[in-house]
Amino acid sequence: MPSFDDARLDDRVVLERHDADLRELALAGAHIRVESGAAAQVRFDDIRPRGIVLAGHESRFIRSVAETTCASPLVAWPHEGLPGWAGPLDLVVVQASGGPPGTLGSTVAEACRRGCAVLLAAPENGPVAASASRGATLVGTITDDAVAAAIALVGLLASVGLAPMVHTESVAEAADMVAEQCSPHKDLSLNPGKGAAIALADGLPLVWGGSMLAARAARRIAEELRRVTGRAALATPAEDIVPILSATRPRDPFADPTDEPARPVLVTLDDGNDDRMSAHARGVLLDIAATQQVRLVELECLDEAGPVGRHVSLLQQGLYAAAYLGVGYDEY
């Protein structure tokens, strides 16, 4: 892999080559408004399902948002088809935008065949929507943003009491704020996304979030870091990170950096929702990182955007860092 050069982060020629990816990140707030606005026009009848199966892209995000308040049990189902117990008393929620349809069409068709209530977010003219029967509730997606579509589904679930209420404009504003802070037009001395990319360059990211939604954002960020760099990036509970940090030797100031193996970089996500155990785990990780001289990247969102808005803010910060890593490694 080419070497990382932080000068590229302010190089207009290099940034222009990555304009599509950076523009997509900047449009996250607009996507949330568009998808939630479209979903608000859909009629979704009040329902009290025995159980709820969540399938498709960002299904685990929807579960993390809804499971603390939903009276019905929820399961995120990553497999083809449906669990054997799903039937006419249950609701199947499928989020099919933002990625390859895969086997989601067969999942929707099976849900309709079994008589399940179906709530589907997918492009109206796509293959997944075509597999649904007339009884399914279709939310026709407009963008290709999986998170925005998932937030729109949460809004519909909230309208019938199956999820907590989400103020989508506040969520969109949280995404807009990150886009402003991490704009490619801001130089690296003022840009937290570029600063995080510099800290992550040539390191082994260990990404951790304390709350359910912060942990979900950590996994998504680690996936994107792996995709951009082609190197390992780990999102895992604190107890799995502690031994890695503890085994890291303090940096030798006289060692040749080119001869040293990749050192861990601890990336912590704080959405202000740590419980007592998470707060303790955070303190342990930070203490070990300081003792072992492990580089630290702290992503925070402590504003009033609500749990979903704070999740989106943390996620966008991490995705911007990954995007700028790609810029810094661009030699062409």
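A cavity is a set of points, on a 1 Å grid over the protein atoms alone, where a 1.4 Å probe fits but cannot get out, and its lining residues have an atom within 4 Å of a point. Grid points are joined across faces, edges and corners, and a volume is the space filled by probe spheres set on the points. The model is predicted: local features need pLDDT of at least 70, side-chain atom pairs count only at pLDDT 80 or more, and totals for chains, interfaces and linings use all residues. Residues are numbered from 1 along each chain as its sequence is written, and side-chain values use heavy atoms, with hydrogens and water left out.

Two cavities of 30 Å³ or more were found. The largest cavity holds about 50 Å³ of space. Its lining consists of Ala196, Leu200, Ile221, Leu225, Val267, Val297, Leu299, Gly318 and Ala321. Two or more of these residues come from each of helix 9 (192–200), helix 10 (212–229), strand 9 (295–300) and helix 13 (306–328); helices (H or I, at least four residues) and strands (E, at least two) are DSSP runs numbered from the N terminus. Eight of the lining residues are nonpolar, one is polar and none is charged, where Ala, Val, Leu, Ile, Met, Phe, Trp, Tyr, Cys and Pro count as nonpolar, Asp, Glu, Lys and Arg as charged, and the others, Gly among them, as polar.

The second largest cavity holds about 40 Å³ and is lined by Gly203, Pro205, Leu225, Thr229, Arg231, Ala232, Ala233 and Leu325. Five of these residues are nonpolar, two polar and one charged.

How values were computed: On a 1 Å grid over the protein atoms alone, a cavity is a set of points where a 1.4 Å probe fits but cannot get out, and a pocket is an open set with protein on both sides within 12 Å along at least five of seven lines; lining residues have an atom within 4 Å of a point.
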